[in-house]
Amino acid sequence: MDGINKYNEFVALHKPQLESSSIPMHFWPALYRKLAADTFDAGEALQLMLIDYDEDEEQNPAEDDDSPNPVFALGVARDQGIRASDPQAIYLVDHAWTFRLNSARQQLQQYPHLAERLSAITGVDLELEDRIDKILRRLWKYCHAYSIGSAGLSDEERQPIWYVMDEVGSAVNHSDDPNFRLVPLLYLNTQTTYSVLFPIRDCEAGEQVTRDMVEYVAKEAPQRTALLLPWRDADLTGESFLQVEPRADYFTSGHIAETYPKENTDPLPSRSRCDPLKVYAEYEVVRQHLTSPEFLLVSDEQEADVLWLTHHFKTFEELADQSPGKFINQFPFEYVITIKDLLSIVGRRAAKEHHNGLTLDTYPDWLPTTYNLSTELREFAAYYQTRAAKGLDNHWIIKPWNLARGLDTYITDNIRQIVRLPATGPKIAQKYIERPVLFRREELAGRIKFDIRYVILLKSVKPLKAYVHRKFFLRFANHPFSLDNFDDYEKHYTVMNYQEEAQLHHVKCEDFVALWREQYPENDWPMLEQQICSMLYDVLKCASQADPPCGLAPCAQSRALYAADIMLRWTDDEERVMRPQLLEINWTPDCKRACDYYPDFFNDIFRLLFLDEENDESFRLLRPDKDE
């Protein structure tokens, strides 16, 4: 194949990337030749420069891990300068390190040469014992990310990949008026990722090469100042960090439209008939454990009286019109409690004021402070800096809105990391519980984190009628807790089901309560459980008080099962007062362990939801008051 045909093939293969990255067409031939020959010729036109700081200079990046100031700069070395119209003025930049965050520390420890190179790029002294900690702290000025979106990949395989460019790419510093652009490119012929550097205006000899680190955000956008914190300091302590509930269109944005019935929304009455209810269940665990003779499993949705689905159902109004006697295991707009950013908005409806002016604790006290890093980034940065000015703990857990199992989730007190993480997808920042109530595991000779899962059964929205299963479930960390080493998954997380070689520590709730009395005799478990149940009632009330799409819609045929994940925290330094904290509410939770422990788990639930058989031994009615 001749050169022209090879170039045309390159363009055909890479045109979507070239156009989406806005690489000017006159650079394409030179880019093709340099990629094909693996040519790195930036050194012929550009030079690396070490920036000289006085030793006592404020925010010297050699001394201050949180300094936004650069260690190196890149300058134009060619006497005649560089012209944006020059078709040869496009340069390949190699990637010095490609990694996933959960393995970053391990890689730096395992490969000394990599750590040495990263020390040089980030300006960390090679002789320091804690140099890896310092590299990881400074990393957020230098790293960038991409994700692989191919069809058929698992959530784990789609996790973001971070990279640090070589010495040339890492020396291109930020400017609001940049003269170059620097964009990633996957060379499909070899499946190698590079970055590509090219001018956007003419540059004279000696001029620094700069780029806009957040070029995708308009100069006047309110979040831009916060996004630039890794590269430019800004004091936002005078800004408001109050949170205002968004308009209705925010609740529908990004969601498939769904309908809901406008009339006859009173819950369907229980069935008075001898024939069993026919159940169509997509969930294998239901099919295995629904054994009561009152129910009959069927394989045809059309003939079923009950639909127990594991995919999202959206056409509730049509169901009411066409099959008014058929039950469904979902409520319209239930995502207002099962998606993390919406749950925080819904929960704040229970608050009479936003925060305590002295402690900055937000309300309600059962909801950890939560900011949406897409829509409330500036407010979050102001809140973070205000906490820092008061000397308050500033550890946060950063979570995707809609992933589970701890995927793409990180704990940090580094605001420069926090503002970078949304680059890999929408996230919330939730205040990390720095004083969790711990549980002693004798075999570990230490106290570990744990959380509690309560199964919620929702029968009706208006009027609100919901229960919790009296059998709650425990999940435990495997390493003793301390407020450090946040990449130690088994210290800071409790979900071990999906971790290879991680131990699953099983304790039934009745055994847990007995151990609780031994470990915390001053903290009555029934009293704590009452607080938990009141909290769950409150959040469901908040979710049902607003009209759809901002709240749950009433639907006569709807019944639902959710799982609430809860931790306990100490509210005082003396560790006397505990408060439950609602972490999240899960849709279609895994109930296999529940069925293993309690074989009638689904039999009892189906009788409650669809036959109105209230079983006080198994279920507790959620109430607005403190009465049982």
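The structure holds six cavities of 30 Å³ or more. This is a predicted model, in which local features need pLDDT of at least 70, side-chain atom pairs count only at pLDDT 80 or more, and totals for chains, interfaces and linings use all residues. Residues are numbered from 1 along each chain as its sequence is written, and side-chain values use heavy atoms, with hydrogens and water left out.

**Exercise 1.** Describe the sheet that holds strand S9.

*Solution.* Start with the order: S3-S9-S8 is an open sheet of three strands with antiparallel pairing. Strands here are DSSP runs (E, at least two residues; helices are H or I, at least four), numbered from the N terminus, and two strands pair if DSSP finds at least two bridges between them. Next, look at the edges: S3 (91-93) and S8 (180-187) each have a single partner strand, so one side of each is left without a neighbour in the sheet. Finally, zoom in: three bridges join S3 to S9 (residues 192-199), and Tyr-91 has Leu-197 in S9 as its bridge partner.

**Exercise 2.** Is Leu-360 buried or exposed?

*Solution.* First find Leu-360 in the loop between H12 and S15. Its phi is near 65°, a positive value in a residue other than glycine. Now check the area: Leu-360 is buried, with a relative accessible area of 3%. Buried means under 20%, exposed over 50%, and partly exposed in between (1.4 Å probe, protein chains only).

**Exercise 3.** Which residue does a cis peptide bond join to Tyr-363?

*Solution.* The partner is Pro-364, with omega about -5°. Pro-364 is found in the loop between helix H12 (340-347) and strand S15 (370-372).

Definitions and conventions:
1 Å grid on protein atoms, 1.4 Å probe; cavity = no way out; pocket = protein on both sides within 12 Å on 5 of 7 lines; lining within 4 Å. Points joined across faces, edges and corners; volume = space filled by probe spheres on them.
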